[in-house]
Amino acid sequence: MYILSLLMSPLAQAADCNSYALQNEVRSASAQEVSQNFVELAACDTAAAKRLAPQALDKALEGETAHPLVLAAIEVGAN
């Protein structure tokens, strides 16, 4: 029983992550929202986050609200 729960936990985590929806949220987010949306996308799909990093960084406000976005962009290897 324990082994079954270990095998199914990645499937449950994958079900919680909707990369397509998160990408749309990053694209349509306001300057105040884009940082949180991008961090969620980076945790879900690093390749998609890397592709959207330039757009998200251009949209983000400078200062504290952009800090998590910048860190997530670095973590996914954005240029």
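Predicted model: local features only at pLDDT ≥ 70, side-chain atom pairs only at ≥ 80, totals over all residues.

Trainee: Where is Lys59 found, and what makes Lys59 buried, partly exposed or exposed?

Mentor: Lys59 is found in helix H4. Its relative accessible area is 23%, and since buried means under 20% and exposed means over 50%, Lys59 is therefore called partly exposed.

Trainee: How far apart are the C-alpha atoms of Lys59 and Val26?

Mentor: The C-alpha atoms of Lys59 and Val26 are separated by 9.5 Å, although the two residues are 33 apart along the chain. For the protein chain as a whole, residues 24 or more positions apart account for 60% of the contacts with a separation of 6 or more.

Trainee: Which residues meet where H2 packs on H4, and how do they divide by class?

Mentor: From H2 come Ser19, Gln23, Val26, Arg27 and Ser28, and they meet Ala48, Arg51, Leu52, Gln55, Ala56 and Lys59 in H4. By class, this contact of H2 with H4 has four nonpolar, four polar and three charged residues.

Trainee: What makes H2 and H3 roughly parallel or roughly antiparallel to each other?

Mentor: Helix H2, residues 19-28, and helix H3, residues 34-44, pack at an angle of about 155°, with their axes 9 Å apart. The label is given to angles over 145 degrees, so H2 and H3 are roughly antiparallel to each other. Here too the crossing, H2 passing H3, is left-handed. The residues of H2 in this contact are Ser19, Leu22, Gln23, Glu25 and Val26, which meet Val34, Asn37, Phe38, Glu40, Leu41 and Cys44 in H3. The residues of this contact of H2 with H3 divide into six nonpolar, three polar and two charged.

Trainee: How do you know whether Asn37 is buried or exposed?

Mentor: Asn37, whose place is in helix H3, has a relative accessible area of 12%. The limit for buried is under 20%, so Asn37 is buried. Leaving aside its neighbours within four places in sequence, Asn37 is in contact with Glu25, Val26 and Ala29.

Trainee: Which residues touch the most other members of the largest nonpolar core?

Mentor: Of the 18 residues in that core, Val26, Val34, Phe38 and Leu41 touch the most other members. H2, H3, helix H4 (46-59) and helix H5 (67-76) each supply at least two residues, and H4 gives the most, with five residues. As for Val34, once its neighbours within four places in sequence are left aside, its contacts are Val26, Ala29, Ala56, Lys59, Ala60 and Leu69.

Trainee: How many helices and strands does the protein chain have, and what share of its residues is buried?

Mentor: The protein chain has five helices and zero strands, and its elements run α-α-α-α-α from the N terminus on. Buried residues make up 28% of its 79 residues.

Technical notes: Residues numbered from 1 in each chain as written. Heavy atoms only, no water. Axes fitted to C-alpha atoms, helices over the stretch in contact; angles between N-to-C directions. Helix = DSSP H or I, 4+ residues; strand = E, 2+ residues; numbered from the N terminus. Parallel < 35°, antiparallel > 145°, perpendicular 65-115°, else oblique. Left-handed = near helix turned anticlockwise from the far one by under 90°. Contact = heavy atoms within 4.5 Å. Nonpolar A, V, L, I, M, F, W, Y, C, P; charged D, E, K, R; others polar. Core = buried A, V, L, I, M, F, W, Y, C linked by side-chain atoms within 4.5 Å. Buried < 20%, exposed > 50% of the residue type's maximum accessible area, 1.4 Å probe, protein only.
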